[in-house]
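Trainee: I have a model open and would like to go through it. Can we start with a single residue and work outwards?

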Amino acid sequence: MSFSSDEVNFLVYRYLQESGFLHSAYVFGIESHISQSNINGALVPPAALLTILQKGLLYTEVEWSVGEDGEVARPIEGLSLIDAVMPEVKPLKPIVKTEPGKPGAVDSSAPAGGNQNNNAKPEIKIEPGTGVAGSAGGNKTTGSTTGTSTPTDQSASEVDSSGNAANNAGGTYAGNNGAGSNQASTGGANSTSTPAGGDSAAPGASQKKSQNSNEAGSSSSGNAGNANATSTDDAASSTSTNGNSSTSSSVEQPTSGLTPAGGTVSTSNPDAAASGGASTAAGSKAPSGAVTIRVGAQGSNVQSGSSNAQSSAPSGTISSSTSGGAGTPAALVPMDIDENIEIPESKARVLRGHESEVFICAWNPSRDLLASGSGDSTARIWDMSDANTNSNQLVLRHCIQKGGAEVPSNKDVTSLDWNCDGSLLATGSYDGYARIWKTDGRLASTLGQHKGPIFALKWNKCGNYILSAGVDKTTIIWDASTGQCTQQFAFHSAPALDVDWQTNQAFASCSTDQRIHVCRLGVNEPIKTFKGHTNEVNAIKWCPQGQLLASCSDDMTLKIWSMNRDRCCHDLQAHSKEIYTIKWSPTGPGTNNPNTNLILASASFDSTVRLWDVERGSCIHTLTKHTEPVYSVAFSPDGKHLASGSFDKCVHIWSTQTGHLVHSYKGTGGIFEVCWNSKGTKVGASASDGSVFVLDLRKF
């Protein structure tokens, strides 16, 4: 038996990710050079470190209990991990015997000076097929459930990144119920919980930094030491504080397995389907409450969270008409969902096929085609037209050259974007390559210049350039027709997290270095640099007219910038945790809805969504129904509704005018992304359990 330090480091790195210590995992990954190891993380099951520790604990118990003659000399149960690593102590613990309904009794044969334990310690059992002990020593077993998921037949056209189609040479769509390979999966969940003391403030920044990639760069927290640094330009001309929400939230660590279409899951956790790879709740905070170890067919997955009792309230919003200045903090009370607004199952189409988390989804601007990108190193194009009732899919496999052959990259596909007419789809992957695909699934170009994971990419409005941002601290403008790098910008001092076009040749980029640069094609220096955030900047968005730039950060602030000023126009301070993303409404001058006021939406890890009147710098509505971090928001094409997706597995549809909850749907996994189709009739969403679903909002 042998093992290397690289293997130990990798298991520790994955344990930190799965437990929600995302920044710690990032720092550890950098220092231990995880990205340079040859370990294929896709083959390592969740909770691998806990599994091997449990097996080692069992071995130690046997070693201590059995004498040299093979007889049981000192039976030991409930050996703690600390006792096991201190063999010179070898405590003689009494055998604890319990009967149903009776308190634990100490064996009378225990030594007089032995430890008296009146609380029953659970036996450590290994269930067949799990390979993992049902409970850790000393944990209180609260119950166990088992279940299976039964797949239906599915068939999909598979297209790898070399342009070769499998199962369907013509590259046409194959229905879910057609012939094809079936993957059966079973999932059992044994639940044990242990109280976790105190709140932990392990910061988790963004999906780009925590999506369970095996790259150390996937959990970017660059310049962590500068998190509290102040800038001379930080002063803003106006600061708005519209109350801090302090709603308690917990983050579920989902499995990366999926329940195939038509499958039934009898576990208390729909996410407990079998998983072949690790899965981490992206950007999750280390919460207080119970820590649950769930055991599935291929290992256990750690879920951290606490269940919060929700009190009913007449409204899910808190409205403010304060025009700037400091407001009075108000308590945010989540409201109950009216059963009348729950979207029925008949109006939801659940799409199964991905084998890991689905981080991103986007509608084609011309047709009802929904693209999705996943941790299974594939993107998929789903035909969601009304005429197609089978939800046909094309599988776009992201492959790399290795040994003269095309092999799966085994890296997450975390960004994708359609061009303006919907004829081409661009994808960005953690393998460092961007790719351009045609709607029939054929690979048009492979864009290779980044040295590490790509976090974001966007087409410009004309469709002749693609813009990308990567962990290598650079942004690149690509010629879409040739696939060549037109210009690379290396102005950031840490990973670039997001980019957005201002015009067809000018763009803004943000980074973990807390800076925002505005650059233009053909210019070798930034034409503008915005400084003011005191922590990494997660997302940036230009308003529809390209005059104002909004940015959100881990410093819990939302800032509005103008090219005419060096300091921010508004410094909006109301969220009580990191702000993950922002979106402008498609309203106001220069849009298809010129007579409707322009508003800005922000989504935060404090479980709230806020709508802002940017002109006044005030919060219009605070949407408080979600109970977990909110990762995505999207406006309907007419700007009248806002969709929000959270790790509480819910997609909510809100009225932007009143702030009231209009529709609600609960899926089977934490929601990473929500998006509207061009007609405003359907909402797509992607989830942590590998599912994608589409909500049909017509006839409501």
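Trainee: Leaving aside its neighbours within four places in sequence, which residues is Lys640 in contact with?

Mentor: This is a predicted model, to begin with. In it, Lys640 is in contact with Trp654, Ser655 and Thr656, once neighbours within four places in sequence are left aside.

Trainee: How far apart are the C-alpha atoms of Lys640 and Trp654?

Mentor: They are separated by 8.5 Å, and the two residues are 14 apart along the chain.

Trainee: And is Lys640 buried or exposed?

Mentor: Lys640 is exposed, because its relative accessible area is 54% and the cut-off for exposed is over 50%.

Trainee: Where is the place of Lys640?

Mentor: Lys640 sits in the loop between S39 and strand S40, which covers 641-646.

Trainee: What order do the strands have in that open sheet?

Mentor: The order is S39-S40-S41-S42, four strands with antiparallel pairing. S39 (630-635) and S42 (661-666) stand at the edges with a single partner strand each, so one side of each has no neighbour in the sheet. From one strand to the next, the twist averages 15°.

Trainee: How many bridges pair S41 and S42?

Mentor: Five bridges, in the antiparallel sense, with S41 covering residues 650-655.

Trainee: Change of topic. Which residues have the most contacts inside the largest nonpolar core?

Mentor: Val651, Val683 and Leu695, in a core of 16 residues. The elements that give two or more residues to this core are S41, S43 (671-676), S44 (682-687) and S45 (692-696).

Trainee: What does Leu695 touch, not counting residues up to four places away in sequence?

Mentor: Its list includes Val651 and Val683. Ile343, Lys347 and Ala348 are also among the residues that Leu695 touches. Apart from that core lies another, of 15 residues, among them Cys543, Leu558, Leu572 and Trp612.

Trainee: Why would such residues end up together?

Mentor: In soluble globular proteins, nonpolar side chains tend to be buried together.

Trainee: You mentioned Leu558. Which way does Leu558 point from S33?

Mentor: Leu558 points the way that Ile560 and Ser562 do, while Thr557, Lys559 and Trp561 point the other way. In a regular strand the side chains alternate between the two faces of the sheet.

Trainee: How many residues of S33 are buried?

Mentor: Six of its six residues, which are 557-562.

Trainee: How many bridges join S32 to S33?

Mentor: Five, and the two strands run antiparallel, with S32 covering residues 548-553. Ser551 stands opposite Lys559 there. The hairpin of S32 and S33 has three residues between the strands, and Met556 takes a positive phi near 75° in it. S33 also pairs with S34 (residues 570-573) in the antiparallel sense, over four bridges. In that pairing, Ile560 stands opposite His570.

Trainee: Zooming out, how many helices and strands does the protein have?

Mentor: Five helices and 45 strands. Of the 700 residues, 57% are buried.

Trainee: Where does UniProt place the feature "repeat: WD"?

Mentor: The unreviewed UniProt entry places that feature at several spans, including 413-438, 530-571 and 623-664. In the model, residues 413-438 are 0% helix and 69% strand, and the end C-alpha atoms of that span lie 17 Å apart.

Methods: Residues are numbered from 1 along each chain as its sequence is written. This is a predicted model: local features need pLDDT of at least 70, side-chain atom pairs count only at pLDDT 80 or more; totals for chains, interfaces and linings use all residues. Side-chain values use heavy atoms; hydrogens and water are left out. Two strands pair if DSSP finds at least two bridges between them. Axes are lines fitted to C-alpha atoms, for helices over the stretch in contact, and angles run from 0 to 180 degrees between N-to-C directions. UniProt positions are given in the numbering used here, feature names are shortened, and annotations may be inferred rather than shown by experiment. A nonpolar core is a set of buried Ala, Val, Leu, Ile, Met, Phe, Trp, Tyr and Cys residues joined through side-chain atoms within 4.5 Å. Buried means under 20% relative accessible area, exposed over 50%, partly exposed in between (1.4 Å probe, protein chains only). Contact means heavy atoms within 4.5 Å.
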